[in-house]
Amino acid sequence: MTVHAHPRTGVPFESPVPPGTGWPGDPAGTDTPAAADAGQVAALAATAGDLASLDALISVCRACPRLVTWREEVAVTKRRSFAGEPYWGRPITGWGSARPKILVLGLAPAAHGGNRTGRVFTGDRSGDQLFAALHRAGLVNSAISVDAADGLRTNNIRVAAAVRCAPPGNAPTPDERSTCEPWLAAEWRLIAPYVRVIVTLGGFGWQAALRLLADELPGPAKPKFGHGVVVELSSGRQLMSCYHPSQQNMFTGRLTPDMLDAVLADAVKRAGLRG
């Protein structure tokens, strides 16, 4: 198997990266149990008592055969521009504060973004747009998110994806979405006491949030997705929506940096982080 040096640390890794081999921020060890089906995902997610143990379990999950095959195939074949780098090639955990006031929820890792770098929304154009905007909003310490060892830190936020593996065509199946959902539910269980605002990126993230927050919705009718929608939840929290900062949306002007900034600035204010 081909081994390449991590672009920042210089440590050599296989692609995909085996757990417990020293990848920056790898939460798993060689003995971390890997879920092999939906039932095991639900059972293991229920056992997690803190984010560290949950992240370890998520990072070695093998419950969706199509996604496992795809993420690992991409990690081996790679994109030409990253041919000399190791690819993480495993599920992507949530990232950021363990006690966030804002949760940012997206769809899934990109094949040559998070699937390569090992951090959600890192290493692709969508991540570039998101983290630049988070920096302008004062929610991260740098506008640039490059890899899991770049020193990026958050300020009262956590960023997560509804589906933890890179899907072919950026489109998980309904079964894959359902299989992965207990990971998000467990993460929410651990951070919910602190979260005041949930910002969803795109319609997939919005639907995932509606399922996650079903007991907090103000009525029987599900709120419709649209850029800038705000839903007051029965818990006192607020659910907000934003178009996804995809390359296509940004290129066509469906979402502009100013529009993204406005949503995040509103989220910061609603979360009580700024007057």
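View 1. Phe-131 is buried, with a relative accessible area of 0% (buried: under 20% relative accessible area, exposed over 50%, partly exposed in between; 1.4 Å probe, protein chains only). This is a predicted model, in which local features need pLDDT of at least 70 and side-chain atom pairs pLDDT 80 or more, while totals for chains, interfaces and linings use all residues. Residues are numbered from 1 along each chain as its sequence is written, and side-chain values use heavy atoms, leaving out hydrogens and water. A search of the whole structure finds 5 aromatic pairs (Phe, Tyr or Trp rings, the six-membered one for Trp, with centres within 6.5 Å; planes under 30 degrees apart are stacked, over 60 edge-to-face, the rest tilted). Trp-95 and Phe-131 form an edge-to-face pair, 5.8 Å centre to centre with 70° between the planes. Trp-95 lies in strand 3 (residues 95-96) and Phe-131 in helix 5 (residues 125-136), so the pair ties together parts 36 residues apart in sequence (DSSP runs numbered from the N terminus: helices H or I, at least four residues; strands E, at least two). Trp-95 is also buried, at 16%.

**View 2. Cluster of Phe-13, Trp-23 and Trp-88.** Ring pairs link these residues.

**View 3. Arginines over rings.** Arg-116 lies over the face of Phe-82, 3.6 Å from the ring centre (criterion: NZ of Lys or CZ of Arg within 6 Å of the ring centre and within 35 degrees of the ring normal). Arg-254 lies over the face of Tyr-243, at 3.8 Å.

View 4. In helix 2 (residues 51-58), 6 of the 8 residues are buried, among them Leu-51, Asp-55 and Ile-58. Their cover includes helix 1 (38-47), strand 5 (157-161) and helix 6 (174-191).

Methods
Contact means heavy atoms within 4.5 Å.
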